[in-house]
There are 2 protein chains.
Amino acid sequence: MNAHDLIKEAIAEKGKFDSVYWIACGGSMIDLIPAHELLQREATTFTSYIYTAREFDIMRPRRLGEKSLVIACSHSGNTPEVVEGCEIALAAGATVIAQTDNAGSKIDSGKWTTWVYPWGEGVPQAEVPAGISLSLAAELLDQQEGYVDLADMYAGIAEMDKILPPAREKVNAELGDRFAKLCQEHEFFYILGSGPNFSQTYGFAICSLMEMQWQHCSYIHSAEYFHGPFEATQDGVFYFLQMGSSECRAMDERALAFLKTHTDTLMVLDAKEYGMEAVPASVRAYLDPVLFYAMNCELRAARGKVFDHDPDFRRYMGVVEY
Amino acid sequence: MNAHDLIKEAIAEKGKFDSVYWIACGGSMIDLIPAHELLQREATTFTSYIYTAREFDIMRPRRLGEKSLVIACSHSGNTPEVVEGCEIALAAGATVIAQTDNAGSKIDSGKWTTWVYPWGEGVPQAEVPAGISLSLAAELLDQQEGYVDLADMYAGIAEMDKILPPAREKVNAELGDRFAKLCQEHEFFYILGSGPNFSQTYGFAICSLMEMQWQHCSYIHSAEYFHGPFEATQDGVFYFLQMGSSECRAMDERALAFLKTHTDTLMVLDAKEYGMEAVPASVRAYLDPVLFYAMNCELRAARGKVFDHDPDFRRYMGVVEY
């Protein structure tokens with residue numbers, strides 16, 4: 001399956017879409033956010049909205065209909081809210097594309113197009129939801145309106161496969177031990193980021209830390225930081241800053257300048273020092289999150305070793321009824 | 001100034017708008033979110049997006065132009081990012097409506113329409129940004145596409161003035177002391193909410209607690225809770241749940257059922273017990289946040305008394321350079 005043909009066939013069948021809805025939950029939703037943000041910024045003839053799936057089901061947009069493209073993702077393929085969202089979209093006449101790692105799962109029902117993706121070490125970024133979603137968004141934009149940075153996007157996605165292996169080594173060598181130690185010393189801390197990266201600020205908090213490490217934390221947008229949260233900053237309060245490499249970096253730089261002088265407990269992960277400058281500047285804002293996701297995985301693993309807490313262990317998810 | 005005439009004049013001058021952008025920062029942005037969500041759900045012929053102002057300035061949407069309506073808010077009237085956002089919008093040919101409490105401030109420059117609102121005890125909800133924004137959104141929807149719940153919206157906004165005084169007394173009598181005590185016992189806690197209320201989940205965290213009380217906390221969407229954050233739940237971890245009174249309540253109820261059996265430290269503020277059932281069901285989702293904002297103010301004041309921390313005191317905001 002490839003994004004170009006999938007979008008081409010969808011447009012051939014329906015004509016141009018007037019709306020795109022991205023629906024998923026938790027980590028899967030996080031992977032869709034940068035693609036949505038690309039459309040929110042660039043699209044002039046259609047809308048793009050993203051929902052945690054249950055809220056899409058409850059707050060169903062009136063525009064949802066035959067001219068809508070609904071792009072869903074459920075890693076397990078069995079997330080009830082996401083399957084329900086696809087059913088609602090189908091009933092409304094929308095075109096549905098569902099992504100899942102699990103062939104034969106509930107979302108792979110044959111009722112709509114299901115893109116089954118591989119997962120795990122060595123899988124190219126073009127073949128997992130973050131890359132697939134960016135390709136779908138870029139193709140939709142290009143085929144409906146034209147998108148001058150389409151080739152840059154594909155080049156950038158491919159470049160990530162070269163950037164990530166040394167970046168993983170570097171973050172482990174330079175930040176892993178200190179991060180784990182800071183977690184030992186702090187029951188709670190703040191993570192900051194901005195722009196499309198904020199998806200992985202949120203993801204670091206709710207997936208890598210709360211879910212996989214039972215580590216309490218909060219996530220703050222670098223620009224919003226100055227409109228409230230910075231009042232809580234002082235020595236002894238731990239801040240982790242995700243510095244982006246794109247035009248959004250200006251927001252992170254402002255936060256950095258303040259944090260440097262108002263807390264003695266700061267850890268900075270600067271995408272510019274992790275190879276992102278090899279990605280075309282035009283699409284870097286949307287690919288930084290791929291780097292940060294990989295870095296989040298390394299840092300949670302480093303913490304897990306020190307705390308003897310396997311990131312794959314769950315006490316509730318898929319274990320108890322809820 | 002009134003929303004009906006303002007929107008009527010704007011449409012008379014420009015024709016129908018194809019996009020609405022809400023721009024502000026922190027607490028002012030939070031007040032605009034429910035109005036944006038009304039449009040995201042109901043509008044079929046135009047888009048609505050909301051930005052923290054600096055991100056709007058940096059990630060400027062390509063659609064921004066003569067057919068755009070930009071609704072800004074800066075309580076102080078001097079927030080540089082918001083003033084800059086209005087300038088950008090004006091230069092792009094957009095119609096700009098700015099809300100501020102401060103006549104003669106930088107945003108009240110005469111370059112666009114400025115709605116100067118009163119603030120403080122006794123001011124009707126129709127005259128402050130949350131109410132003004134909902135009226136502007138409802139009028140835009142009605143005058144461009146028709147909105148069957150327009151009268152309900154105005155009735156609901158008016159009803160809030162009756163609901164809030166007894167609700168303030170009730171929250172102080174029933175939750176104030178225990179909330180302050182739980183803050184003394186917990187360096188950190190989680191706040192949950194969903195739907196348009198999530199704006200005030202975020203607001204409780206970043207404005208009332210981080211900014212005004214230096215109280216560490218995090219904000220979690222009730223539906224997202226089950227896709228990661230719930231793994232951090234256990235006895236001794238404090239959760240504050242904002243239960244809505246609208247169709248979004250189903251998400252909060254699911255969180256409640258889990259929290260009741262997985263932590264011994266839970267505080268619930270149920271909008272249904274605070275008078276919200278007097279508001280028409282059709283618009284309750286957008287007015288619950290007005291209740292929660294008022295309750296957040298009471299709870300931070302209750303905490304402030306016990307901690308001897310005046311919610312109006314700032315150590316950085318407007319005090320140091322940043």
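Let me start with the second largest pocket, which has 35 lining residues; nearest its centre are A:Gly27, A:Ser28, A:His75, A:Glu211 and A:Met317. A pocket here is an open set of points on a 1 Å grid over the protein atoms alone, where a 1.4 Å probe fits, with protein on both sides within 12 Å along at least five of seven lines; lining residues have an atom within 4 Å of a point.

This is a predicted model, with local features needing pLDDT of at least 70 and side-chain atom pairs pLDDT 80 or more, while totals for chains, interfaces and linings use all residues. Residues are numbered from 1 along each chain, chains are lettered from A in the order written, and side-chain values use heavy atoms, without hydrogens and water.

The pocket holds about 890 Å³ of space. H7(A) gives the largest share of its lining, six residues.

Now chain B. In strand E7 (residues 216-221), six of six residues are buried, meaning under 20% relative accessible area with a 1.4 Å probe, protein chains only. B:His216, B:Ser218 and B:Ile220 point one way, and B:Cys217, B:Tyr219 and B:His221 the other. Strand E6 (residues 188-193) runs parallel to E7(B), joined by six bridges, and B:Leu192 stands opposite B:Ile220.

Last, the two copies. Chain B superposes on chain A by a rotation of 180 degrees with 0.0 Å of shift along the axis, RMSD 0.0 Å, by least squares on C-alpha atoms of residues with pLDDT of at least 70 in both. The copies are therefore related as by a two-fold rotation axis. In chain B, the C-alpha of B:Ser218 is nearest that axis, 2.4 Å from it.

How values were computed. Grid points are joined across faces, edges and corners, and a volume is the space filled by probe spheres set on the points. Helices (H or I, at least four residues) and strands (E, at least two) are DSSP runs, numbered from the N terminus. Buried means under 20% relative accessible area, exposed over 50%, partly exposed in between (1.4 Å probe, protein chains only). Two strands pair if DSSP finds at least two bridges between them.
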